[in-house]
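Visitor: I would like to learn how to read the features of a structure like this one. Please take them one at a time.

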Amino acid sequence: MEKQRIQWLAVLRGFNIVLVVMFHVQLIDMTTGENHLFCTAITEPFNPIRMPLFIFCSGGLLYLSRIKKEWSIKDLYVDKIYRILCPFLFFVTFYYFFKVLLNAFVKTKVPLTLTYFLESFCIYPNHPSAHLWFLAVLFWFMLLYPLFVWLCKEKTRMMLFLAFTVLFYLYGDVSIDGVDNYFYIFSLNRYLVYFFFGIFFFKYELYRYFRTVYSLLATVLVYSISYSMEIPLITEVSGILFMISLCQLLAVRYPSLFISFREYIYQIFLMSFIFQPFVELILWKKLFYQENLFLVFYVLNVLSGIYLPVLISQLAERSSCRVLKICLGLKTA
């Protein structure tokens, strides 16, 4: 049973990172100057699910790999400094200078100033570190580890806190006009509900109720209705449950689905933004632009965003350089 659970969760995370990579495909149609409609249309049905599911899985993994195994607070904090904070500092720096180098190929150039560089560590929209907001949010939640451990000791506490996260989502907007959203602090209410739902879901093994075709059809129906009616939270939660049901069914028939990259989900998230812009700005826009080759370059964009980070990660794992492994968010032991 444990092996089966891990398999479907691995399939779920693999599916999730494919959606993340596909969402960031940019291939400009030169006749319009806009991204090809296909690039956005193919991921649009999954847009409400993509990042809530990513955060949900992070909460679930925290429970399975840390809370359930009774990790100490000290060990957890040290682990997350190495696995989250160090890669965050490295990749904010890397993406800043990487995008400065791309200034010759883009319309919106990155200012080469110390102020803008330092801002990239704490302000994410309109900065080279835009996608790294996830690491800031994740680190905030990891700081709550002692609270999560305490909550997991009693079901009533879990239920009450889950209700609190819903209320926090609905009424917890504390943003202040004119004040920047430093370290995404004003956005935590939008994501805590998914993170804690992941802990709650795996704590009480609720996945047992989403293993049938009937559960898949029911969750798809709720998702479709709430999506069309634009009902937030219900859309995201039903979408998460839909994906869980789908991936449990897939894992039964195809347990090795996504096996070629699903051990490197984190590294793909961190590094895909290096290779996808190269396909878009250099290969597609500057060298080989041909509309009849669009689908070829779309597939190339997705594959490069997935497998080149995997390749770099595997090479780093064979290296004896511990600092490199830490920077890439790889395990060092």
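Visitor: Which residues have the most contacts inside the largest nonpolar core?

Guide: A general point comes before the case. In soluble globular proteins, nonpolar side chains tend to be buried together. This is a predicted model. Its largest nonpolar core has 108 residues, and Phe148, Ile199 and Ile244 have the most contacts inside that core. Helix H12, residues 265–287, gives the most to this core, with 13 residues.

Visitor: What does Phe148 touch, leaving out residues up to four places away in sequence?

Guide: Phe148 touches Leu62, Ile67, Phe141, Phe161, Leu192, Phe195, Phe196 and Ile199. Of these, Ile199 is also named, with Phe148, among the residues with the most contacts inside the core.

Visitor: How are H4 and H12 oriented to each other?

Guide: Read the angle between the axes; under 35 degrees counts as roughly parallel. The axes of H4 (residues 73–101) and H12 come within 10 Å and cross at roughly 10°. H4 and H12 are therefore roughly parallel to each other. On the H4 side the contact involves Arg83, Ile84, Pro87, Phe91, Phe94, Tyr95 and Phe98, which meet Tyr266, Leu270, Met271, Ser272, Phe273 and Ile274 in H12. By class, this contact has 11 nonpolar, 1 polar and 1 charged residues.

Visitor: At what angle do H4 and H6 pack?

Guide: The angle is about 170°, with the axes of H4 and H6 (residues 133–143) 10 Å apart. That makes H4 roughly antiparallel to H6. Leu76, Tyr77, Lys80, Ile81, Ile84, Leu85 and Phe88 in H4 meet Leu135, Leu138, Phe139, Met142 and Leu143 in H6. The classes here are 11 nonpolar, no polar and 1 charged residues.

Visitor: Is Gln276 buried or exposed?

Guide: The test is relative accessible area, and buried means under 20%. Gln276 is found in helix H12. At 2% relative accessibility, Gln276 counts as buried. Neighbours within four places aside, Gln276 is in contact with Val21, His24, Val25, Asn301, Ser304 and Gly305.

Visitor: And where does Gln248 lie?

Guide: Gln248 lies in helix H11, residues 234–253. Its relative accessibility is 5%, so Gln248 counts as buried. Beyond residues up to four places away in sequence, Gln248 touches Trp8, Tyr207, Phe210 and Arg211.

Visitor: Where is Tyr209 found?

Guide: Tyr209 is in the loop between helix H9 (192–203) and helix H10 (213–228). At 55% relative accessibility, Tyr209 counts as exposed. Sequence distance and spatial distance should be read separately. Tyr209 and Ser245 are 36 residues apart along the chain, while their C-alpha atoms are separated by 8.6 Å.

Notes
Residues numbered from 1 in each chain as written. Predicted model: local features only at pLDDT ≥ 70, side-chain atom pairs only at ≥ 80, totals over all residues. Heavy atoms only, no water. Core = buried A, V, L, I, M, F, W, Y, C linked by side-chain atoms within 4.5 Å. Buried < 20%, exposed > 50% of the residue type's maximum accessible area, 1.4 Å probe, protein only. Helix = DSSP H or I, 4+ residues; strand = E, 2+ residues; numbered from the N terminus. Contact = heavy atoms within 4.5 Å. Axes fitted to C-alpha atoms, helices over the stretch in contact; angles between N-to-C directions. Parallel < 35°, antiparallel > 145°, perpendicular 65-115°, else oblique. Nonpolar A, V, L, I, M, F, W, Y, C, P; charged D, E, K, R; others polar.
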